[in-house]
Amino acid sequence: MSGLATDVADRMAAAKLWLVSGATGDLPYLSSALYALVTVPTDRVATMTTDVYWRVYVNPLWILGQDVRVVAHELAHQVWHLLADHAGRAHDAGVDVPGREPWKTATDITVDQVLPWRDTGLPSAGEMGFGPNLSAEEYYLRLKASPVPAQAADRDASCGSGCDGIARDYDLPPEDEQQSALSEQAAEGIRQTVAIGFRERQRERGTLPGQWDRWVSHILDPVVPWQAVLHAAVRRGIGWGQGQVDYTYSRVSRRQHAVGKAILPAMRRPVPAVAVVIDTSGSVDDGLLAQALGEVRAVLASLAVPDASVTVLAVDAAVQTVGQVRDVGAVRLGGGGGTDMPEGIEAALGLKPSPQTVIVLTDGYTPWPHLPPRVPVIAAVLGRVREALPLTPDWAQRVEVVSGG
Ligand SMILES: [Zn+2]
């Protein structure tokens with residue numbers, strides 16, 4: 001490392017320490033995020049920016065000429081852009097090059113609200129005539145509709161692709177060997193760690209600005225957990241509405257007790273048969289598969305579907321009926337290459353008794369039958385949160401079963 005690079009690294013280390021120490025910044029919950037950053041000294045930026053791979057581009061002359069407190073404040077600002085995934089959200093919000101400026105201002109307003117100090121020079125939301133504690137997306141829409149006050153646009157300089165997802169010409173490629181990129185999975189892990197520490201701290205202090213409260217909730221408690229979606233899909237697949245979950249196969253009505261000796265007819269229905277088709281090709285994540293299978297079993301049990309009516313089929317390049325499996329490890333066929341889902345579903349439909357519904361657990365990297373099967377099919381697609389998971393046919397009830405946030 002050159003002398004200049006060492007000096008820059010020292011300044012960055014001092015700024016991180018300043019942020020996490022109780023006597024100065026007192027933001028200990030930021031430490032896992034701060035120490036995951038990769039510093040890239042470059043004179044291509046005026047001060048400090050980030051990219052989506054958690055690399056911080058720092059101008060050496062700027063950082064060496066600043067007080068550690070100023071560097072620390074800027075660093076905290078940048079790291080919150082990454083924690084909030086402002087780049088991914090810019091993409092989702094359709095931010096293009098003309099939209100960059102209002103997006104930057106919108107996200108900066110929210111970052112100002114999460115930090116305990118206010119020295120970015122940006123007017124507050126109130127000063128701009130907006131309500132407090134809205135999301136970046138909400139500020140963005142308002143800023144696009146009404147022009148930005150000139151002084152707000154002046155605070156420039158320091159938002160890169162880590163803020164808006166739009167690549168800059170100085171951004172290093174993702175696979176740069178010297179300055180390695182942080183994976184999206186690792187970033188999600190850091191967001192979780194920070195969210196937990198942040199929520200603890202805010203509870204102690206008793207204040208959590210609305211939109212950051214939502215951020216914490218989004219990170220720690222996804223609004224609609226896939227488990228709930230999967231349960232609903234299985235219920236629908238079996239053809240029982242929500243009002244009927246109390247239904248049991250008992251021959252004696254539960255009302256019997258209340259009406260003494262009179263015999264009430266018990267509700268009876270044929271026990272539904274269910275086929276669970278498990279994609280056991282090598283690309284499927286075993287842990288997630290086990291979780292998904294566990295949830296399927298839980299919902300079937302809650303619907304009083306006995307284990308004996310559930311048949312599990314393991315499918316990769318071949319199909320194997322494995323009966324009632326509890327352990328996902330037991331269904332591994334030994335890495336048979338690709339997945340032949342049409343054959344798996346065909347085999348499921350051929351079972352006796354014929355299943356009322358087919359539940360497929362797969363990573364989605366498979367062909368599907370061209371024609372809709374004659375019973376409802378649930379396609380539970382296993383993958384990582386915020387990944388674009390493979391498409392499934394229109395005739396299948398799709399449930400995204402995701403890990404990592
Ligand atoms: Zn910013």
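This is a predicted model: local features need pLDDT of at least 70, side-chain atom pairs count only at pLDDT 80 or more; totals for chains, interfaces and linings use all residues.
## Helix faces and packing: worked exercises

Residues are numbered from 1 along each chain as its sequence is written.

**Exercise 1. Check the length of helix 10, then find its buried side.**

Step 1: Helix 10 covers residues 184-205, and its 22 residues should span 32 Å at 1.5 Å a residue (the expected span is 1.5 Å times one less than the number of residues). The end C-alpha atoms lie 31 Å apart, which agrees. Helices here are DSSP runs of H or I with at least four residues, strands are runs of E with at least two, and both are numbered from the N terminus.

Step 2: Pick out the buried residues: Ala187, Ile190, Arg191, Val194, Ala195 and Phe198. They take up an arc of only 145° around the axis, so they sit on the same side of helix 10. The arc is that of the directions from the helix axis to the C-beta atoms.

Step 3: Look just past the end of helix 10, where Gly206 has a positive phi of about 80°.

**Exercise 2. Work out how helix 1 and helix 4 pack.**

Step 1: Helix 1 (residues 3-20) meets helix 4 (residues 68-83) at about 75°, and their axes are 8 Å apart. Axes are lines fitted to C-alpha atoms, for helices over the stretch in contact, and angles run from 0 to 180 degrees between N-to-C directions.

Step 2: The two helices are therefore roughly perpendicular (65 to 115 degrees).

Step 3: Helix 1 makes the contact through residues including Arg11, Trp18 and Leu19, and helix 4 through residues including Val68, Arg69 and Leu75. Contact means C-beta atoms, placed from the backbone, within 7 Å.

**Exercise 3. Find the buried face of helix 14 and what covers it.**

Step 1: In helix 14 (residues 341-349), the buried residues are Met341, Gly344, Ile345 and Ala348.

Step 2: Seen down the axis, these residues fall within an arc of 95°, so they line one face of helix 14.

Step 3: Their cover includes strand 4 (274-279), strand 5 (310-315), strand 6 (319-323), strand 7 (357-362) and strand 8 (377-384).

How values were computed: Angles under 35 degrees count as roughly parallel, over 145 as roughly antiparallel, 65 to 115 as roughly perpendicular and the rest as oblique. Two residues are in contact if their C-beta atoms, placed from the backbone, lie within 7 Å. A residue is buried if 20 or more other C-beta atoms lie within 10 Å of its own, exposed if 12 or fewer, and partly exposed in between; C-beta atoms are placed from the backbone.
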